Amino acid sequence: MAVKVNLHLTLRQYTNSQETIEVDGKTIGECLKNVVNKYPAMESSIFAKNGKLSNVVEIYLNLQSAYPNELLRPVKDGDEIHVTMMLAGG
């Protein structure tokens, strides 16, 4: 089952600037783990040490917020996940 994972600009440094990664998985969590398996350096940017999503990561499934329980949400062939990062500064 192919799911497209669209990565925020700040995460593309780990993928040689690829915007979208196709992976298999039954849930958003499985898909993100499969992205991290392909690009291990990305793990600390997406996941906290406890295995949950980092508090600066927002996940959208087919352009709708996947909150709450993002990692447990089921996905199907053709779905698109968007990984966005909340940024601060000034």
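Biologist: What should I keep in mind about the model and its numbering?

Modeller: It's a predicted model, where local features need pLDDT of at least 70 and side-chain atom pairs count only at pLDDT 80 or more, while totals for chains, interfaces and linings use all residues. Residues are numbered from 1 along each chain as its sequence is written, and side-chain values use heavy atoms, with hydrogens and water left out.

Biologist: Why is Ile28 called buried?

Modeller: Buried means under 20% relative accessible area, exposed means over 50%, and partly exposed is in between, using a 1.4 Å probe and protein chains only. Ile28 has 0% relative accessibility, so it counts as buried. Its place is in helix α1; helices are DSSP runs of H or I with at least four residues, strands are E runs of at least two, and both are numbered from the N terminus.

Biologist: What does Ile28 touch?

Modeller: Contact means heavy atoms within 4.5 Å. Not counting residues up to four places away in sequence, Ile28 touches Ile59, Leu61, Ala66, Glu70, Leu71, Arg73, Val75 and Ile81.

Biologist: Why is Ser17 called exposed?

Modeller: Ser17 comes in at 56% relative accessibility, so it counts as exposed. You'll find Ser17 in the loop between β1 and β2. Its phi is near 75°, a positive value in a residue other than glycine.

Biologist: What makes Leu63 exposed?

Modeller: Leu63 has 67% relative accessibility, so exposed is the label. Leu63 sits in the loop between β3 and β4, and its phi, near 70°, is positive in a residue other than glycine.

Biologist: How do you know that β1 and β2 pair?

Modeller: Two strands pair if DSSP finds at least two bridges between them. Five bridges join β1 (residues 2-7) to β2, and these strands run antiparallel. One of the bridge pairs is Asn6 with Thr20 in β2.

Biologist: How many bridges do β3 and β4 have?

Modeller: Two, in the antiparallel sense, and the rule asks for at least two. Leu61 stands opposite Gln64 in β4.

Biologist: Which pairings does β5 make?

Modeller: β5 pairs with β1 in the parallel sense over four bridges, with Val5 partnering Ile81. β5 also pairs with β3 in the antiparallel sense over five bridges, where Glu58 stands opposite Thr84.

Biologist: What is the strand order in the open sheet?

Modeller: The five strands go β2-β1-β5-β3-β4, with mixed pairing. β2 and β4 (64-65) are the edge strands, as each pairs on one side only.

Biologist: Which faces of β2 and β5 are covered?

Modeller: In β2 (residues 20-24), Ile21 and Val23 form the covered face, while Thr20, Glu22 and Asp24 are on the uncovered one. In β5, Ile81, Val83 and Met85 are on the covered face, and Glu80, His82 and Thr84 are on the uncovered one. Helix α1 lies across β1, β2, β3 and β5, running at about 115° to β2; axes are lines fitted to C-alpha atoms, for helices over the stretch in contact, with angles from 0 to 180 degrees between N-to-C directions.

Biologist: What makes a nonpolar core?

Modeller: It's a set of buried Ala, Val, Leu, Ile, Met, Phe, Trp, Tyr and Cys residues joined through side-chain atoms within 4.5 Å. The largest one here has 24 residues, and those with the most contacts inside it include Val5, Ile28 and Leu32. The largest share, five residues, comes from α1.

Biologist: How do you know that Lys33 sits over the ring of Phe47?

Modeller: The rule wants NZ of Lys or CZ of Arg within 6 Å of the ring centre and within 35 degrees of the ring normal. The charged end of Lys33 is 4.4 Å from the centre of the Phe47 ring and sits over it.

Biologist: What is the peptide bond from Tyr67 to Pro68?

Modeller: That bond is cis, with omega near -5°, and Pro68 lies in the loop between β4 and β5.
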